Amino acid sequence: MLIAPTTNPDHALPSNWGTHDDLGGAPGQAAAVQVSGYSAWKMANNITGDNDDSDADGLSALVEYA
């Protein structure tokens with residue numbers, strides 16, 4: 001997989017290539033994006049904004065995560 005494909009790297013240079021993040025690779029496809037931390041917590045709790053208060057306890061999502 002090209003390390004930085006948007007920079008138009010020289011495909012002939014081995015240093016511009018890296019291993020694929022997905023087991024077995026996926027030629028021609030981008031690696032799956034791994035989301036962690038606050039972003040993963042928001043997705044798991046169906047929260048779309050930092051100021052959301054989906055449980056109506058007066059605390060924003062960002063404060064609850066912290």
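Colleague: Is Tyr38 buried or exposed?
Modeller: This is a predicted model, and the accessibility is computed from it. Buried means under 20% relative accessible area. Tyr38 has a relative accessible area of 19%, so Tyr38 counts as buried.

Colleague: How many aromatic pairs does the structure hold?
Modeller: Ring centres have to lie within 6.5 Å to count as a pair. On that basis the number of aromatic pairs in the structure is three.

Colleague: Why does the pair of Tyr38 and Trp41 count as stacked?
Modeller: The ring centres of Tyr38 and Trp41 are 6.2 Å apart. Planes under 30 degrees apart count as stacked. The pair is stacked because the planes of Tyr38 and Trp41 are at 20°.

Colleague: What separates Tyr38 and Trp41 along helix α1?
Modeller: Both residues belong to helix α1, and they are three residues apart. The separation is therefore about one helical turn.

Colleague: What is the relative accessible area of Trp41?
Modeller: Buried would need a value under 20%, and exposed one over 50%. Trp41 is partly exposed, and its relative accessible area is 25%.

Colleague: What is the angle between the planes of Trp41 and Tyr65?
Modeller: Trp41 and Tyr65 form an aromatic pair, with 5.3 Å from centre to centre. Planes under 30 degrees apart would count as stacked and over 60 as edge-to-face, with the rest tilted. This pair is tilted, the angle between the planes being 55°.

Colleague: Which helices does the pair of Trp41 and Tyr65 tie together?
Modeller: Trp41 lies in helix α1, while Tyr65 lies in helix α2, residues 61-65. The pair therefore ties together parts that are 24 residues apart in sequence. The helices are α1 and α2.

Colleague: Which residues form one aromatic cluster?
Modeller: Tyr38 pairs with Trp41, and Trp41 pairs with Tyr65. Tyr65 is partly exposed, at 37% relative accessible area. The cluster is formed by Tyr38, Trp41 and Tyr65.

Colleague: How far apart in space are Ala66 and Tyr38?
Modeller: Ala66 sits in the segment after α2 and is exposed, at 89% relative accessibility. In sequence, Ala66 and Tyr38 are 28 residues apart. From C-alpha to C-alpha, the distance between them is 8.8 Å.

Colleague: Which residue forms a salt bridge with Lys42?
Modeller: Side chains of opposite charge can pair when their charged atoms come close. The structure holds one salt bridge. Lys42, in helix α1 (residues 38-44), has its closest N atom 3.2 Å from an O atom of the partner. That partner is Asp50.

Colleague: Is Lys42 buried or exposed?
Modeller: Asp50 counts as partly exposed, at 35% relative accessibility. Lys42 has a relative accessible area of 17%, and under 20% means buried. Lys42 is therefore buried.

Colleague: Which residues does Lys42 touch, not counting residues up to four places away in sequence?
Modeller: The salt-bridge partner, Asp50, is one of the residues touched.

Colleague: How much of the protein chain do buried residues make up?
Modeller: The protein chain has two helices and zero strands. Of its 66 residues, the buried ones make up 18%.

Key
Residues are numbered from 1 along each chain as its sequence is written. This is a predicted model: local features need pLDDT of at least 70, side-chain atom pairs count only at pLDDT 80 or more; totals for chains, interfaces and linings use all residues. Side-chain values use heavy atoms; hydrogens and water are left out. A salt bridge is a side-chain nitrogen of Lys or Arg within 4 Å of a carboxyl oxygen of Asp or Glu. Buried means under 20% relative accessible area, exposed over 50%, partly exposed in between (1.4 Å probe, protein chains only). Helices (H or I, at least four residues) and strands (E, at least two) are DSSP runs, numbered from the N terminus. Contact means heavy atoms within 4.5 Å. Rings of Phe, Tyr and Trp (its six-membered ring) pair if their centres lie within 6.5 Å; planes under 30 degrees apart count as stacked, over 60 as edge-to-face and the rest as tilted.
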